Amino acid sequence: QVQLVESGGGLVQAGGSLRVSCVVSGRTFGSYAMAWFRQAPGKERDFVAAINWSGDTTYYADPVKGRFTISRDNVKNAVYLQMNTLKPEDTAVYYCALRYGSARDTRYEYNYWGQGTQVTVSS
């Protein structure tokens, strides 16, 4: 019933910025946390950022701290990831994820996933 759809990926030069979005549709029950993960070819899917229901608690992976910002709009049922000062190593498919309860930083703790959106950072 719950579906997540990412958008906003694309090609950007190193040092540039990009914002990816995720919209939640279908029936949800109660509060839920949202997160972003990313996966490069041949690598594991890694945690990027997470945000709790009220938006007052956020978590970031070390490689993106100070460069990425996660936010949400519960009226629009959306979560965003603003990515600044992008580096080639940020190139990956970015996935949004949903879990009921508080935010977590590991992928197995999330219940629903989007299809991913490709972000490519050129040098």
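**Stop 1: two glycines**

Start by selecting G8, which sits in the loop between β1 (3–7) and β2. Strands here are DSSP runs of E, at least two residues long, while helices are runs of H or I with at least four, and the numbering starts from the N terminus. Before going further, a word on what you're looking at: this is a predicted model, where local features need pLDDT of at least 70 and side-chain atom pairs count only at pLDDT 80 or more, while totals for chains, interfaces and linings use all residues. Residues are numbered from 1 along each chain as its sequence is written, and side-chain values use heavy atoms, with hydrogens and water left out.

Back to G8: its relative accessible area is 36%, so it is partly exposed. That label covers the range between buried (under 20% relative accessible area) and exposed (over 50%), with a 1.4 Å probe and protein chains only. Now show what surrounds G8: leaving aside neighbours within four places in sequence, G8 is in contact with L18, R19, V20 and T117, where contact means heavy atoms within 4.5 Å. Then draw a distance line from G8 to G30: they are 22 residues apart along the chain, and their C-alpha atoms are separated by 27 Å.

Next, select G10, which lies in strand β2 (residues 10–13). G10 has a relative accessible area of 25%, so it is partly exposed. Setting aside its neighbours within four places in sequence, look for its contacts with L18, Q118, V119 and T120. Draw another line, from G10 to Y32: the C-alpha atoms of this pair, 22 residues apart along the chain, are separated by 28 Å.

**Stop 2: the disulfide**

How many disulfides does a search of the whole structure find? There is one, counting as a disulfide any pair of cysteine sulfur atoms within 2.5 Å. Select C22 and C96 to see it, with an S to S distance of 1.9 Å. C22 belongs to strand β3 (residues 18–25) and C96 to strand β9 (residues 92–100), so the bond links distant parts of the chain, 74 residues apart. The torsion about the S-S bond of C22 and C96 is about 50 degrees, so this disulfide is right-handed. Both C22 and C96 are buried.

**Stop 3: the core**

Now for the largest nonpolar core, which has 35 residues. A nonpolar core is a set of buried Ala, Val, Leu, Ile, Met, Phe, Trp, Tyr and Cys residues joined through side-chain atoms within 4.5 Å. Select M34, W36, L81, M83 and Y94, the members that touch the most others. Strands giving at least two residues each to this core include β5 (46–51), β7 (68–73) and β11 (117–122), but β4 gives the most, with six.

Stay on M34 for a moment. Beyond its neighbours within four places in sequence, M34 has contacts that include L4, C22, I51, I70, A97 and Y110.

**Stop 4: a cavity and a pocket**

Which residues line the largest cavity? Select V24, Y32, M34, R72, D73, N74, N77, A78 and V79. On a 1 Å grid over the protein atoms alone, a cavity is a set of points where a 1.4 Å probe fits but cannot get out, a pocket is an open set with protein on both sides within 12 Å along at least five of seven lines, and lining residues have an atom within 4 Å of a point. The largest cavity has a volume of about 30 Å³; volume is the space filled by probe spheres set on grid points, which are joined across faces, edges and corners.

While N77 is selected, check its backbone: phi is near 55 degrees, a positive value in a residue other than glycine. N77 is in the loop between β7 and β8.

Finally, go to the largest pocket, with a volume of about 160 Å³. Of its 14 lining residues, R38, A40, K43, D46 and E89 lie nearest its centre. The largest share of this lining, three residues, comes from β5.
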